[in-house]
Amino acid sequence: MKVSEKWLREWINTPLALDAIADKLTMSGCEVEARESVATAFTGIVIGHVLEREKHPDADKLSVCKVDNGQGEILQIVCGASNVRAGLKVPLALVGAVLPLPDGKDLKIKKGKLRGVESFGMLCSSTELGMSDKSDGLLELPSDAPVGMDIREYLKLDDEVIELAITANRGDCMSMIGVARETSLLMDVPLTPPAIVPTSVQHNDTFPVDIQASDACPRYAGRIIRNVNPQAATPVWMQEKLRRAGIRSISALVDVTNYVLLELGQPMHAFDLDKLQGSIVVRYACDGETLKMLDGQTATLRGDTLVIADASVPVAMAGIMGGEPTSVTDTTRNLFLESAHFRPAKIMGKARSYGLQTDSSARFERGVDPDMPVQAMERATQLIVDICGGEVGTLVDTCADSSVLQRKTILLRPERIRRVLGVTMDDATVEGVLSRLHCEFSKGEVGWQVQAPLARFDLGIEEDLIEELARVRGYDEIPAELRPRAPCITQPSETAVGRDSLRNLLVARGYQEAVTFSFVDPKMEETLAPAVNAIALANPISADLGVMRSTLWSGLLRSVSYNLNRQQGRVRLFEIGPAFYQDEAGKPQQRTMLSGAITGNLYPEQWGQVNRPVDFYDLKGDVEALLERVTGTQFYFAPVAHAALHPGQSAEIMTMGAVVGWMGMLHPRIEEKLGIEQPVYLFELDMGLLMQRALPKYQAVSKFPVIRRDLALLVDKDVLAVALENAVKKAAEPQLLSYYLFDVYAGKGIPEGQKSVALSLIFQDFSRTLEDAEINRMVDAVVASLRDEVGAVLR
């Protein structure tokens with residue numbers, strides 16, 4: 001929001017300099033992001049009147065002009081502007097004038113010759129005055145501009161513009177009245193708004209209005225104005241106020257609606273009445289309806305989009321932009337002026353979903369005073385009649401839901417103020433702030449019953465009012481004192497597995513932590529997780545950030561690709577963060593995931609050992625190291641296909657029937673899509689199943705010898721190691737201390753479709769030395785279990 005200092009001072013009267021005003025606004029939450037003068041510090045430029053214009057005798061693009069400087073002199077000036085002509089009034093830089101240049105140097109105007117013709121000054125564009133970055137020719141002034149008057153005084157160029165960063169909750173500050181109210185509140189100075197006098201009605205013509213979508217548009221005001229002059233020129237004072245706010249002057253009728261938007265914060269629209277059919281209907285669009293917008297684009301509308309329609313077709317996208325077919329033009333004679341209130345929730349995000357961003361949508365999304373439409377209508381009518389003339393019709397104010405005009409009552413308690421802010425405020429101070437906030441209030445036994453102004457959508461609970469008290473007092477005026485509190489020491493759970501523990505383990509294994517965006521490309525999400533119903537964003541920042549990630553691989557793979565493209569051949573990244581999905585009821589849910597990606601060589605470049613590319617088992621070792629932190633739980637890996645992983649190198653990680661995560665090599669198709677030319681290995685674990693561990697228990701060391709027996713078995717090729725372990729565990733007696741697989745062989749001498757596995761069984765007793773007969777019995781039980789469970793046969 002750009003605010004002119006001179007315009008602001010029309011609303012408030014304070015002797016304080018702009019520095020003090022800007023500091024107050026910044027410290028209260030309306031940050032001043034930038035300050036700039038509306039023109040450079042030029043001197044010696046007056047209003048000149050071009051009396052004659054002739055073609056330069058020796059240059060096609062130059063003109064020789066006779067210019068009245070208003071000081072009794074007719075000057076000869078050579079000019080190269082294409083729009084110079086007799087009768088034009090323009091800024092005239094006299095001999096001796098000084099114009100600052102963009103490089104910091106000054107240009108001093110001197111008497112000179114251009115192609116042999118003497119020139120005694122220079123005619124100026126807005127660029128040369130520092131009023132704009134570019135221009136199409138001379139700055140044309142109104143025909144009644146006083147010749148010889150200093151242009152700085154005429155255009156009131158001794159002015160500065162401050163740019164405010166308005167937060168999403170302060171839509172009321174996106175107007176001059178809002179900024180003036182805020183300044184009046186903070187500086188305790190009176191507010192002097194311009195007088196809005198209702199224009200006398202000259203005819204009773206009205207245009208029917210039918211609000212069918214009262215949930216989105218509770219109020220709609222309209223008025224017919226006939227016989228306006230569309231060719232009327234916008235006054236210089238209005239053009240300058242619009243320019244300083246960053247809005248280009250278009251035509252008088254359009255400029256008035258833009259001016260009211262800036263002044264009162266109420267977006268308006270002017271329709272050409274003769275192009276409307278039947279009536280105005282406020283409704284939702286039908287899927288597939290089209291509307292050609294004012295910017296020339298044609299939008300295909302969705303059923304959730306609120307539109308302003310006539311009896312046949314949509315004529316405007318409500319709260320966003322009007323349609324070109326019914327817009328005012330240079331031939332418009334009769335107007336239908338619109339001023340409506342739309343609920344923020346119904347407008348929010350709609351403009352961005354159509355690739356638009358307008359001044360109207362920015363205000364309606366944040367919230368516009370529902371009591372403003374009629375005031376804005378009267379103000380716009382007053383300005384249109386003053387500038388363009390016309391015959392004013394009856395104002396029709398249609399209110400479909402009167403609850404929008406009801407103020408919410410909030411209880412404000414003195415003890416709550418002290419509790420939240422840590423300071424005590426007397427009644428006079430509190431009531432003074434409430435009065436300057438334009439609140440209605442009454443004091444009771446418990447506190448104040450406060451009704452906030454309708455324009456302040458951010459005032460809904462007691463703490464909001466307390467925040468206002470703190471802002472007005474000044475945050476720096478609240479003592480920085482710690483309030484006494486009882487110490488609270490919590491005993492951490494011994495079974496909890498901390499995230500930092502997992503982070504440190506991965507960092508020790510050569511990984512680096514990454515933090516990637518939760519919004520991802522819908523195409524990438526569909527590629528990596530086609531079975532997941534992704535959560536689409538209602539108002540995405542951009543088309544390639546349109547859904548919430550269901551897997552952290554979306555961001556990690558982009559990071560891997562980014563690093564590989566910058567000559568980083570060895571990449572090891574991990575991330576801990578939320579992933580999002582929809583449950584069976586369609587409600588959005590999230591869970592915390594731990595994901596990682598590795599590619600390149602196993603070791604950093606060195607001379608001490610032979611290097612090699614990472615493989616599936618290197619990643620499996622990293623995952624197993626993570627899972628070992630969760631003691632007391634058995635995890636196993638099952639070869640299950642995954643859409644994002646290589647069909648022959650992917651595994652599902654499971655425990656007690658629950659899927660903990662996935663790991664494997666990235667599918668070659670996705671590698672090609674991302675432009676990755678080397679294998680990438682990924683894992684992802686559900687942190688919800690990894691945050692608890694069993695407490696370690698003491699176990700005595702036996703004094704008696706350990707006996708080892710090895711078994712060589714033939715099993716089917718698809719038998720998993722976990723199946724062998726489960727079969728051994730089923731027949732194990734207490735003396736079976738441990739068991740592990742130490743060899744796998746398939747090839748010559750082994751039947752087709754089978755493999756040879758070697759198991760080691762370790763036996764030990766804590767009270768005596770085991771005898772061969774006992775050990776043989778226990779080994780036979782294990783062999784029988786393996787035969788029954790997985791069909792194993794001793795070789």
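**View 1. Helix α16 lies across a set of strands**. In this predicted model, where local features need pLDDT of at least 70, side-chain atom pairs count only at pLDDT 80 or more, and totals for chains, interfaces and linings use all residues, helix α16 (residues 553–564) lies across β30 (571–582), β31 (588–599), β33 (645–655), β34 and β35. Helix α16 runs at about 150° to β30 (angles run from 0 to 180 degrees between N-to-C directions, with axes as lines fitted to C-alpha atoms, for helices over the stretch in contact). Helix α17 (residues 616–628) packs on the sheet too, touching β30, β31, β32, β33, β34 and β35. The direction of α17 makes about 20° with that of β35. Touching here means heavy atoms within 4.5 Å; helices (H or I, at least four residues) and strands (E, at least two) are DSSP runs, numbered from the N terminus. Residues are numbered from 1 along each chain as its sequence is written, and side-chain values use heavy atoms, leaving out hydrogens and water.

**View 2. Seven strands make an open sheet**. Follow the order β27-β30-β31-β35-β34-β33-β32, and you'll find mixed pairing (two strands pair if DSSP finds at least two bridges between them). At the edges stand β27 (512–513) and β32 (636–638), each with a single partner strand, so one side of each has no neighbour in the sheet.

**View 3. Zooming in on β32, β33, β34 and β35, look for the antiparallel pairs**. Three bridges join β32 to β33, and Phe637 sits opposite Ile653 in β33. A hairpin links these two strands through six residues. Next come β33 and β34, with seven bridges; here Ala651 faces Met663 in β34. Their hairpin has two residues between the strands, and Met656 takes a positive phi near 50° there. Strand β34 (residues 658–666) then pairs with strand β35 (residues 680–686) over five bridges, with Gly664 opposite Leu682 in β35.

**View 4. The second largest pocket holds about 940 Å³ of space**. Of its 34 lining residues, Lys620, Glu624, Tyr636, Phe637 and Ala721 are the closest to its centre. Two or more lining residues come from each of α17, β32, β33, α19 (721–731), β37 (736–745) and β38 (754–763). The largest share, six residues, is from α17. Sorted by class, the lining has 22 nonpolar, six polar and six charged residues (Ala, Val, Leu, Ile, Met, Phe, Trp, Tyr, Cys and Pro count as nonpolar, Asp, Glu, Lys and Arg as charged, the others, Gly among them, as polar). On a 1 Å grid over the protein atoms alone, a pocket is an open set of points with protein on both sides within 12 Å along at least five of seven lines, a cavity is a set where a 1.4 Å probe fits but cannot get out, and lining residues have an atom within 4 Å of a point. Grid points are joined across faces, edges and corners, and a volume is the space filled by probe spheres set on the points.

**View 5. The largest cavity has a volume of about 130 Å³**. Three cavities of 30 Å³ or more turn up in the count. Lining the largest are 15 residues, with Asp172, Ser175, Leu264, Gly265 and Asp369 nearest its centre. Helix α4 (residues 176–187) gives the largest share, three residues. The lining divides into six nonpolar, five polar and four charged residues.

**View 6. Helix α6 passes α10 in a right-handed crossing** (left-handed if the near helix is turned anticlockwise from the far one by less than a right angle, right-handed if clockwise). The axes of α6 (residues 252–264) and α10 (residues 373–388) come within 10 Å and cross at roughly 145°. Residues of α6 including Leu253, Val256 and Tyr259 meet residues of α10, among them Ala376, Arg379 and Leu383. Twelve nonpolar, one polar and two charged residues make up this contact.
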